[in-house]
Structures are given as C-alpha cells and as structure tokens.
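Here is a short briefing on one protein model. Keep the sequence and the structure open while you read.

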Amino acid sequence: MQTQSNRQLWAQAVKTGIIKSNLIPMIAALMLALYTYELNFIDHIPAIIYAIIGSAAVIAAAGAYNNVYDRDIDQIMPRTKTRPTVTGELSAKLVLIVATILLILGCTALYLASPLAALLGFLGVFFYVVPYTMWTKRRTIWNTEVGSISGAMPPLIGWAAVAPDLWHPAAWALFLIMVIWQMPHFYAIAIRKKEDYAAANIPMLPVAKGEKRTYIQSNIYLVLLILSSFLFLPLSLGLTIVSLVLGVIWLCMSIAASKKQGEKKWANIMFGYSLFHMMAVFGTVFIYATVGMILNAL
C-alpha cells in the first residue's frame with residue numbers, strides 16, 4: 001500500500017497526465033517524419049525508443065520544477081492544494097533533485113536520438129520553467145502564449161529525432177497547431193477555474209480582462225488554427241482537409257455555444273472539444289503516416 005501511495009505522490013509531482021498527452025503529438029510527428037522522408041521504421045527503432053524515453057523524462061522534469069516553484073500559489077487554489085509539494089509529503093529539495101536528474105537523463109536520451117532533439121527538449125523545459133513559470137505566469141495576461149511555446153515542443157522533438165532537418169512545412173504545421181490549440185484550451189480551463197486563479201492573483205485572461213475578451217480572443221485563435229491547416233497542403237490534401245474541418249467545427253461550436261449557454265457551460269464545451277480536436281488531428285497524422293509506411297513496404 002505504501003509503494004502505491006508513493007507512486008501516486010510522484011505521479012502528481014511530475015504530472016503524468018501531461019506526460020501522456022504530450023507524447024501523443026511527439027509520436028505522431030515522429031511517424032510523419034519517417035514517412036515523409038521515406039525512412040525505414042526498423043532501422044530507427046533505437047531512435048524512437050530514445051525519443052519516447054527522453055521526451056517523457058524532460059516533460060516530467062518540467063512539471064516537477066513547476067510544482068516546486070509554484071508551491072506558494074498552489075496552496076491557495078483548491079485544485080492544486082493537495083499536491084505533495086504543497087502538503088509536504090514530498091520535500092521541495094527532493095523533487096528539485098529528481099527534476100534535475102530527469103532533465104539530464106532526458107536530454108541524454110534525446111541526444112542519442114539526435115542532438116537537435118536534445119536541444120529542443122532542453123529548450124522546452126527552459127521555456128516552461130523560466131519565461132512561463134518564473135516570469136510571465138504571475139505578471140501578464142500573455143502567460144498562456146508564452147507557455148504555449150514549451151507546450152508545442154513535443155512535435156518538433158519527435159520530428160527532429162529521426163528527420164534530417166526541421167524545414168519541412170509539415171513539421172511547422174504540427175508545431176503551430178500545438179501553439180494555437182493551447183490558447184482556446186487553456187482559456188477554457190481559466191474560465192472553469194476562474195475563482196481559483198483570482199484567489200491566487202494569477203492574471204489569466206478571464207480574470208484580468210473578463211469572459212467576453214476571452215471569448216473573442218479564443219475565436220481569433222480558432223481562425224488562426226483553421227488557417228494553419230493549409231501548411232499540410234504540400235504533404236497531404238487529406239490531412240489538410242481533416243485539420244481544416246476539425247477547426248471549422250470548433251469555431252462553429254464556440255459561436256453557437258456562446259449564444260445559447262453561459263460562460264461556464266461554453267468553457268466546458270470548449271474544453272471537451274479541445275481534447276477531442278487534439279486526439280483527432282494527431283491520431284489522423286499517426287494513422288496517415290503508419291498506413292503510408294506499410295503501403296510503401298509492400
């Protein structure tokens with residue numbers, strides 16, 4: 001029982017939910033790179049394994065660093081006050097040491113896949129910890145935009161782990177989709193947890209500027225998300241159409257829900273569809289690349 005309890009504590013400390021969700025776009029991008037450059041899957045199995053292990057480790061490190069630094073505000077918000085770094089079940093010093101070990105191990109594993117993947121992994125942690133957690137999160141409404149850079153690194157890491165370069169439009173399509181996707185996703189969370197953020201004096205957009213501004217800004221980003229779909233065009237008309245349709249549906253749902261529902265209901269709908277959107281887009285990318293590689297091998 002004690003072992004299971006410790007596992008749960010560390011799962012919260014490194015944010016295993018975020019690790020799992022970020023591995024999806026990383027693996028999808030990796031598979032798309034293999035297919036795009038007609039690379040042999042078997043030959044790249046070691047790089048794939050290193051990329052998965054390394055990505056999981058650096059994402060865990062970022063989450064742990066964040067938990068250590070945010071202990072003061074986490075104890076104020078109901079949704080975070082039971083984190084082990086707040087309750088003292090895990091000491092901040094121990095979590096900090098583990099985070100540093102994870103960062104070193106993660107970057108080392110990514111380096112074995114490719115030096116560029118290691119650099120991107122380190123930059124992902126750096127942007128999450130310093131510009132986002134330590135600087136903008138508590139100071140500006142643009143904290144979500146700053147944090148989105150780190151959140152969009154997994155597709156680039158996956159691509160760089162096997163591809164010879166990062167200059168293909170499809171790689172940047174995946175990156176931009178992840179950047180833009182995070183705004184309506186996290187704005188929805190910010191409205192759902194508005195009271196928590198207000199109590200901790202965190203200037204999330206709905207706290208500082210209100211729900212109407214959040215709704216308008218979300219729709220602007222959804223338009224940009226729709227436009228980003230065309231970056232898939234040099235690679236695949238099918239991926240372009242899927243991404244385009246999913247984005248249009250999201251925008252239409254946002255407009256329709258805002259007219260018929262209150263802010264919290266709108267936020268719940270936006271949050272729910274955002275998860276479906278990410279799974280659908282990157283799931284389609286994964287299936288497209290996998291099927292393509294199988295057909296090429298026949």
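Leu 30 is in contact with Ile 48, Ala 51, Gly 158, Trp 159, Ala 161 and Val 162, leaving aside its neighbours within four places in sequence. The model is predicted.

**Nonpolar core**

- The largest nonpolar core has 95 residues.
- Leu 30, Leu 32 and Trp 159 touch the most other members of this core.
- Helix 10 supplies the largest share of the core, with 16 residues.
- In soluble globular proteins, nonpolar side chains tend to be buried together.

- Helix 9 spans residues 153–162 and is mostly covered, with 10 of its 10 residues buried.
- Its buried residues include Pro 154, Pro 155, Gly 158 and Trp 159.
- Trp 159 and Gly 158 are also among the contacts of Leu 30.
- Helix 8 is largely enclosed by the rest of the structure, because 8 of its 9 residues are buried.
- Those buried residues are Asn 143, Thr 144, Glu 145, Val 146, Gly 147, Ser 148, Ser 150 and Gly 151.
- What covers the buried residues of helix 8? The cover includes helix 2 (16–36), helix 7, helix 9, helix 10 and helix 13.

**Helix 10 with helix 13**

- Helix 10 covers residues 169–192, and helix 13 covers residues 211–228.
- Their axes come within 9 Å and cross at roughly 160°.
- An angle over 145 degrees counts as roughly antiparallel, and helix 10 and helix 13 are therefore roughly antiparallel to each other.
- The crossing of helix 10 and helix 13 is left-handed.
- Helix 10 makes the contact through Ala 173, Ile 177, Ile 180, Trp 181, Met 183, Pro 184, Tyr 187 and Ile 191.
- From helix 13, the contact residues include Glu 211, Gln 217, Tyr 221, Leu 224 and Leu 225.
- By class, the contact residues of helix 10 with helix 13 divide into 12 nonpolar, 4 polar and 1 charged.

**Helix 14 with helix 15**

- Helix 14 runs over residues 237–260, and helix 15 over residues 263–297.
- The two axes come within 10 Å and cross at roughly 175°.
- Helix 14 and helix 15 are therefore roughly antiparallel to each other.
- On the helix 14 side, the contact residues include Leu 239, Val 242, Leu 246, Trp 250 and Met 253.
- On the helix 15 side, they include Trp 266, Ile 269, Tyr 273, Phe 276 and His 277.
- The contact of helix 14 with helix 15 has 16 nonpolar residues, 6 polar and no charged.

- Met 253 lies in helix 14.
- Is Met 253 buried or partly exposed? Met 253 counts as partly exposed, because its relative accessibility is 29%.
- Met 253 touches Ile 269 and Tyr 273, not counting residues up to four places away in sequence.
- Met 253 and Trp 266 are 13 residues apart in sequence, and their C-alpha atoms are 9.0 Å apart in space.
- Gly 292 sits in helix 15.
- Gly 292 counts as buried, at 10% relative accessibility.
- Gly 292 and Leu 224 are 68 residues apart in sequence and 28 Å apart in space, C-alpha to C-alpha.

**Lys 137**

- Lys 137 is in the loop between helix 7 (115–136) and helix 8 (143–151).
- Lys 137 counts as buried, at 9% relative accessibility.
- Which residues is Lys 137 in contact with, leaving aside its neighbours within four places in sequence? They are Asn 66, Asp 70, Ile 73, Tyr 132, Asn 143, Ile 202 and Pro 203.

**Positive phi in loops**

- Most residues other than glycine have a negative phi.
- Lys 15 is not a glycine, yet its phi is positive, about 60°.
- Lys 15 is found in the loop between helix 1 (2–14) and helix 2.
- Lys 15 counts as buried, at 13% relative accessibility.
- Glu 38 also has a positive phi, near 55°, and is a residue other than glycine.
- Glu 38 is in the loop between helix 2 and helix 3 (45–69).
- Is Glu 38 buried or exposed? Glu 38 counts as exposed, because its relative accessibility is 68%.

Methods
Residues numbered from 1 in each chain as written. Predicted model: local features only at pLDDT ≥ 70, side-chain atom pairs only at ≥ 80, totals over all residues. Heavy atoms only, no water. Axes fitted to C-alpha atoms, helices over the stretch in contact; angles between N-to-C directions. Helix = DSSP H or I, 4+ residues; strand = E, 2+ residues; numbered from the N terminus. Parallel < 35°, antiparallel > 145°, perpendicular 65-115°, else oblique. Left-handed = near helix turned anticlockwise from the far one by under 90°. Contact = heavy atoms within 4.5 Å. Nonpolar A, V, L, I, M, F, W, Y, C, P; charged D, E, K, R; others polar. Core = buried A, V, L, I, M, F, W, Y, C linked by side-chain atoms within 4.5 Å. Buried < 20%, exposed > 50% of the residue type's maximum accessible area, 1.4 Å probe, protein only.
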